[in-house]
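Please work through the exercises below with the sequence and the structure open side by side. Each task is followed by a solution that goes step by step.

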Amino acid sequence: MYQEFAFRRMPKNLPLTVESKRKRLDWARAHMAFGEKWKKAVFTDEKKFNLDGPDGFHATWMGKTKVPVACWSRYSGGGSLMVWGAISSRGKLCLHFVEGTVTAVKYVHMLQEKELFPKCRAVPGNDFIWMHDNAKPHTANLTANFFRAMNVNVMEWPVYSPDFNIVENVWGILARKVFEDGRQYTTVNGLKSAVLAAWYTIEQATIDNLYLSVEDRLWECARRNGEYMYGNPSQFRFRLAS
């Protein structure tokens, strides 16, 4: 069974400069013919979940029939949970809860502790490509040296391009399940249990459809001359397994 999703704009979004649009457009055009190579890509991302809702969702993939639910806002304090996740074309790879903020030291330590690179070499293969964005922990010298030492190919990623990263869709799916019907949490442990339970419900069919959507995103970016793929939901959508 499939449910139709559309990428809907939330109240605020970081505006793109002319240079950022150009870089996004150049990157999209350069990767349009990647084809089967996308199956070699391991996509990763971090997301902060607050007790009263997910953090930073300026836009997300929502069920077209879902009516947005209003939630109270946090003006100061409140508990939160930093989550890091990775997926491959063969399925969910890892979900990790980070204590505090993500740093280069924590990032490298996590990759070593979880032994993710050996898992990636088994599936999707020795020539896998690692995707992470341009956040400081990912671009730090410590991280770059670690990836070189491990002989891991890291994909060059355009700035301000969360709409290219299919893990952003995974966060949207988790948020819909975790905060369904406006649900909120009183403890971080309760939130952690809910996020983990939602992660386990994501099926392979959903992952398959996300990977199939990558090239569509690039073509849509080119059609929009480097702009974000927001706006009229009917102009860009695909199907995710529900």
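**Exercise 1.** With which residue does R22 form a salt bridge, and how far apart are the closest N and O atoms?

*Solution.* Bear in mind throughout that this is a predicted model. The partner of R22 is D26, and the closest N and O atoms of this salt bridge are 2.8 Å apart. As for location, R22 and D26 both belong to helix 1, where they are four residues apart, about one turn of the helix. The pair is also part of a network of salt bridges that links E19, R22 and D26.

**Exercise 2.** Classify R22 and D26: are they buried, partly exposed or exposed?

*Solution.* The cut-offs are under 20% relative accessible area for buried and over 50% for exposed, with partly exposed in between. R22 has a relative accessible area of 39% and is therefore partly exposed. D26, at 36% relative accessibility, likewise counts as partly exposed.

**Exercise 3.** Which parts of the chain does the salt bridge between K21 and E227 tie together?

*Solution.* Begin with the contact itself, in which the side chains of K21 and E227 meet at 2.7 Å, N to O. Finally, K21 is partly exposed at 22% relative accessibility, and E227 is partly exposed with a relative accessible area of 32%.

**Exercise 4.** Where do D163 and R24 lie, and are they buried or exposed?

*Solution.* D163 and R24 form a salt bridge whose closest N and O atoms are 2.9 Å apart. Since D163 lies in the loop between strand 8 (153-154) and helix 6 (167-178) while R24 lies in helix 1, the pair ties together parts that are 139 residues apart in sequence. Both D163 and R24 are buried. To place these pairs in context, the count by this rule comes to nine salt bridges.

**Exercise 5.** How many residues apart in sequence are V105 and T143, and how far apart are they in space?

*Solution.* V105 is found in helix 2 (residues 104-114), and this residue is exposed, with a relative accessible area of 56%. V105 and T143 are 38 residues apart in sequence, and their C-alpha to C-alpha distance is 7.9 Å.

Notes. Residues are numbered from 1 along each chain as its sequence is written. This is a predicted model: local features need pLDDT of at least 70, side-chain atom pairs count only at pLDDT 80 or more; totals for chains, interfaces and linings use all residues. Side-chain values use heavy atoms; hydrogens and water are left out. Helices (H or I, at least four residues) and strands (E, at least two) are DSSP runs, numbered from the N terminus. Buried means under 20% relative accessible area, exposed over 50%, partly exposed in between (1.4 Å probe, protein chains only). A salt bridge is a side-chain nitrogen of Lys or Arg within 4 Å of a carboxyl oxygen of Asp or Glu.
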